[in-house]
Amino acid sequence: MRLYALAFGAHPDDVEMSCGGTLSMIHKHGKKFGIVDFTRGEMGTRGNASIRADEAEEAAKILGADVRRNLEIPDSDIELSRPNLLKVVQVIREFQPEIVFAPYRKERHPDHVRAHQLVSQALFYSGLIKLKTGSLAPYRPRRGFYYMQHRQFNPTLYVDISGEYETKVAAIKAHKSQFFNPESKEPETVLSTPEFMEYLLGRMRYFGRMAGVKYAEPFWTEEPITVTDFNGVL
Ligand SMILES: [Zn+2]
């Protein structure tokens with residue numbers, strides 16, 4: 001299956017929080033997208049690999065993902081290794097996405113940084129003819145878009161997600177073990193406080209204000225964005 005967009009996240013729920021609105025919009029425009037999680041998030045304080053897999057499945061359905069894949073790399077141990085790089089190259093070649101989403105290069109969680117490095121390298125190496133990955137043909141996506149998690153950056157692109165706000169929030173909340181749940185007996189984490197959801201919503205609103213719309217998701221690109229016409233440019 002060929003996809004228009006492929007979104008990589010280190011842990012199940014990273015993509016939902018960072019570019020869930022953009023993915024939902026892509027789906028509503030009739031284009032196919034997939035989510036690739038590097039790990040099962042088994043090192044997280046709350047939940048476990050199996051609970052998180054079910055939640056990830058549910059969130060993918062809410063966003064309208066055509067596929068959700070897990071690279072099954074151990075959580076907290078995403079090594080910058082050749083085998084891990086080839087896993088990313090393989091999945092890019094399999095789905096041939098035009099555009100790719102991944103974490104920004106500077107992050108608090110080292111897994112996010114390494115996921116960024118592996119994806120940004122794979123965006124190049126996936127096009128090398130002499131780099132063999134079974135029967136998959138070489139393929140290089142058009143562009144990588146890097147999303148915001150903990151660390152801030154000056155965005156080079158804002159996506160208006162005003163129409164996707166509710167879907168995005170529902171997809172985040174599908175990760176029941178991770179976010180605020182008054183009935184949970186598990187230890188509290190930063191993510192599980194009610195304030196964390198307020199922060200996420202406030203940030204979407206803030207970037208919306210910066211972009212001149214209600215809610216927006218910010219992205220950073222290596223190269224400048226070029227348009228061929230001004231339709232849709234706000
Ligand atoms: Zn994460």
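Which residue forms a salt bridge with Glu 164? In this predicted model, the partner of Glu 164 is Lys 28, with 2.9 Å between the closest N and O atoms. Glu 164 sits in the loop between strand E6 (157-160) and helix H5 (165-173), while Lys 28 belongs to helix H1 (residues 14-28), so the pair ties together parts that are 136 residues apart in sequence. The structure holds eight salt bridges.

A zinc ion is also present, with donor atoms at 2.0 to 2.3 Å. The donors are listed below.

| Donor residue | Donor atom |
|---|---|
| His 11 | ND1 |
| Asp 14 | OD |
| Asp 14 | OD |
| His 112 | NE2 |

The sequence spacing of these donor residues is H-x2-D-x97-H. The arrangement around the zinc ion is irregular because the four donor atoms subtend angles of 57 to 126°.

On the surface, Arg 105, Lys 106, Arg 108 and Arg 151 gather in a patch of positive charge. Of these residues, Lys 106 lies in the loop between strand E4 (99-103) and helix H4 (110-125).

Terms used
Residues numbered from 1 in each chain as written. Predicted model: local features only at pLDDT ≥ 70, side-chain atom pairs only at ≥ 80, totals over all residues. Heavy atoms only, no water. Patch = residues over 30% accessible without salt bridge, like charges linked within 9 Å, V, L, I, M, F, W, Y side chains within 5 Å. Areas by Shrake-Rupley, 256 points an atom, 1.4 Å probe, with all protein chains shown as cover. Salt bridge = Lys/Arg side-chain N within 4 Å of Asp/Glu carboxyl O. Lys, Arg positive; Asp, Glu negative; His and termini not counted. Charge placed at Lys NZ, Arg CZ, Asp CG, Glu CD. Helix = DSSP H or I, 4+ residues; strand = E, 2+ residues; numbered from the N terminus. Donors = N, O, S within 2.8 Å, 3.2 Å for Na, K, Ca; no water. Tetrahedral: all angles 85-135°; square planar, octahedral: opposite > 155°, others 65-115°.
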